[in-house]
Structures are given as C-alpha cells and as structure tokens.
Amino acid sequence: ASEQDSKANTGIERLAFYASHVRTLVWHYNYDSSCLRKYSVEEFLQWLSQSTPPGLQLFPHLRLLKFAEDEENYDVLYHFLPAPALEELHLNANALAAEPIFKNLPQYCPRLRSLRLTGPSNSRRFPHPVFKAKIVFPLSSICLSQFDSHDFLTMDAVQALSVIPSLRHLRIALSTRAQQSVPLANKPFLQSLETLRIFTPHLNDATLALVKALSSPCLRAFELVVRARSSDQLNEQLVASHAVALSEAPFKRALRSVTFFLKYETPATPGGDIGIRVIQPLLRCEGLLTLQVFAQNIVLDMAACQFIASAFSHLEMFAFADNYGNDVQGGVIIAGPFAAVRAAPLEGLLAITKACRRLRSLHISVRIESPEQLVIEDAAVLPTIVRGNILPRYESEEKDIELRHLMGTYLGKLLPRWPLSRSVTVHG
C-alpha cells in the first residue's frame, strides 16, 4: 500500500508541476469519441480526487478556462478550482448547475473579469431553466467587466447584475415573462456599460423600460435581436419606441453603433413591414458611425433613401436589408414575399453613394427594372466601400439573365473597391 501511495504522490506531484505552467485550459466532453471512453475519464478523475492533497491548487496560474460538460458530470469543474489567477471563464452550465458554482466563484476566482455562459445549455430539461436574481447575485461581489449568457435571464437577474460597478460589456437573452419588476429610470442601472446586446422573443413595456433605465454615459454599442412569432410582439412602432429611448439616453452622444436584428418566425407576418421610422429618432445620436437594420420585410423607397443620404451622411457602416447570413440566437433572415417591390430603387442607391462619402460598408437591396437604368454617374462613384452586400432584386425573372452580367459590371464601376464575389442575386 505504501508503494502505491508513493507512486500516487509522485504522479500528482508531476501533474501539479506541469499544471502550474498552464495558462489556458479547454475541457470539452465527447464521450462517443473513438479515442476517449467515459470510464477512462472517470478513472482519471477518481485517481485525481484520491491523490490530490488538501489545499493543493493544481492550476495556480490559469488565466482562461473553457469548460463544457454534461449536467450530471459538472462536478468535474471543481478539479480545476480554486484558480486564483483565472480571469476568463466559459461555462455551458444551465441555471441549476450554475447556482452552486456562482456561490463559490468569489472565493475560488477572485480575479475573474469575464464570465461567459456559452450555451447551448447542458440541461436536458425543456424549456431550459432561467437565470434568476438569487442565482446571479453572488457575482455582484466580483469585479466582472464582461458577462455573456446564451440562456435566458429574468429582469430581476439583470437588475442584480446592474449593481456591479465594473461591468462594461453585457450580452444577454432576456426573458420577458409577465409580472416581472422592471428597472426604474431614475436610479443607477448598468452605469458603467460600454456595449450591450439583448436577445428577446418579443418587445414589450419591459424591454422598453430596460432601455430607458440605462444610466451609463459611455455606452457606445447597442444591439437588439428579436425573434418573434407575431406582429404584436415585433412591429415598426415597437422598434421605433426603443430607438426613441436610445436617442434620449444619457449615452446618446457616446453611441457609435446600433444594430437591430428583427425576425419573424413566419416571413409573411401581417403588419410586419419595417421602414425608416425605426432609425429616424437616431438622428439625435450625433456620433453614430454604424447603423444596421436587418428584417425580412424591410421597405426602402426613394424618399427613405433621400432621408438616409441627408440625415446620415457621416456613417461609415450602413445596412438596411432583408437578408442576413446567421445570428447565433436570431438565426437566418431571408427576404419575405415581394422583395423587389420593397427594395430600394437604383436611384436611391445612387443618392446614398453620392452623399455618404465616408461609407466603408454598405448592405441594402436594390430593385433593378431594365438595362437602361445602369448608367454610371461620376458623382456617385464611391471608392471607400470595401465590404458589404448589394442585393439585386429583379422584378422579372426573364430579365435576370440579361441583367445579371450588366449589374455586376455596373457595381464594379460604381464601387470600385467593393468585393463583387460577395454579392448575392435573389429573385424578387
């Protein structure tokens, strides 16, 4: 027995020596792998539990830990803790698994600055349990600067996080269930925030109250992602009211980037048109450089293009499009019916390129009717654009064959530095 103990001590000492030099560690389960069997992992962890002397910190200099496990095996995490130097922690824990971890984080990881709940939740329960205030409250004693959550938080949980004075970056999925208390606009709320991303299944008075309550004077990037089922959960008026709140916020002069990602589960949602009313209030945000709106039922007529050209000529990045590749939570946006009718006229594109001479990225849909339109105006040529998508929408499929090549040549002259290979041709 003493010989076995001696070997175990030698093994743990050797492991501790190498572990003390580790700065980044990734633990990701894949027990179906041909090179790793679950019982092998369990044997190793059992040996580790029996051999590790009390008080030994295996990873005293660990800075980054990315940890993903099944719910029933989440105790594995404690083999890597305490980690006194840990600054960034990624977990796929659901709310129930996270609760005991959060209680110990202030003691185990006193230097933690970034906490990312990566999802998808490791819970087999559906719907996944939400993060409530009592679960996240222990985090208020850590000097976190970044908090991300893929799983939903209640409004009370957001308010619990808001008392962290060091919190600079927040990305959350927000549960907007009824009968939740909302933050008050006359009290400090996320007062040091610099970037905010909110994902929610619908907009309502609660989401509006959250935006109105933001008291940070230095918020520079705001992103709102909505994935709704009907127009009473997401419509132009609701989005515009949130834009008004941004334009009246204490950070309106600090704001540099606003993105609205607006998706209906059913593309042909009645009453779901999104027009420039959702961005008009943002004219008061004088420092805005990036403005992006993505929705299936975007409407961009000539008057709207002229407004954009006159009101937002200072922008460096602009998108008002019915197409978007893939958002982690929002999904893919694909143009709804009658896309050509809703698209900007070619003259509208020219109005924007003539006025917005600082643009480096442009993403809009353009309606093309005939080859006679494709006449280059020297004043409209914009060499600053290096990325984005110009999405031609053809009213007639017959003309598509004739216009496709001509349109590519036209865009190559209008936007000489624009990557033509990234353009997408879609039939209206």
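Axes here are lines fitted to C-alpha atoms, for helices over the stretch in contact, and the angles between N-to-C directions run from 0 to 180 degrees. Helices (H or I, at least four residues) and strands (E, at least two) are DSSP runs numbered from the N terminus. In this predicted model, local features need pLDDT of at least 70 and side-chain atom pairs count only at pLDDT 80 or more, while totals for chains, interfaces and linings use all residues. Residues are numbered from 1 along each chain as its sequence is written, and side-chain values use heavy atoms, with hydrogens and water left out.

The axes of helix 8 (residues 302–311) and helix 10 (residues 346–355) come within 8 Å of each other and cross at roughly 5 degrees. Helix 8 is therefore roughly parallel to helix 10, a term for angles under 35 degrees, with over 145 counted as roughly antiparallel, 65 to 115 as roughly perpendicular and the rest as oblique. The contact (heavy atoms within 4.5 Å) is made by M302, C305, I308 and A309 of helix 8 together with E347, G348, A351, I352 and A355 of helix 10. By class, this contact has seven nonpolar, one polar and one charged residues, where Ala, Val, Leu, Ile, Met, Phe, Trp, Tyr, Cys and Pro count as nonpolar, Asp, Glu, Lys and Arg as charged, and the others, Gly among them, as polar.

**Confidence**

The protein chain averages a pLDDT (the predictor's confidence in each residue, from 0 to 100) of 87, and 88% of the residues score at least 70. Over residues 421–428 the pLDDT is below 50, although this stretch has 22 contacts in the model beyond near neighbours in sequence. Where pLDDT is low, the predicted coordinates should not be read in detail.

**The largest cavity**

On a 1 Å grid over the protein atoms alone, a cavity is a set of points where a 1.4 Å probe fits but cannot get out, a pocket is an open set with protein on both sides within 12 Å along at least five of seven lines, and lining residues have an atom within 4 Å of a point. The structure holds one cavity of 30 Å³ or more, and the largest cavity contains about 40 Å³ of space, a volume being the space filled by probe spheres set on grid points that are joined across faces, edges and corners. Its lining consists of I298, L300, F320, D322, A339, R342, A343 and S365.

**Backbone details**

The peptide bond from L81 to P82 is cis, with omega near 0 degrees, and P82 lies in the loop between strand 2 (64–68) and strand 3 (88–91).
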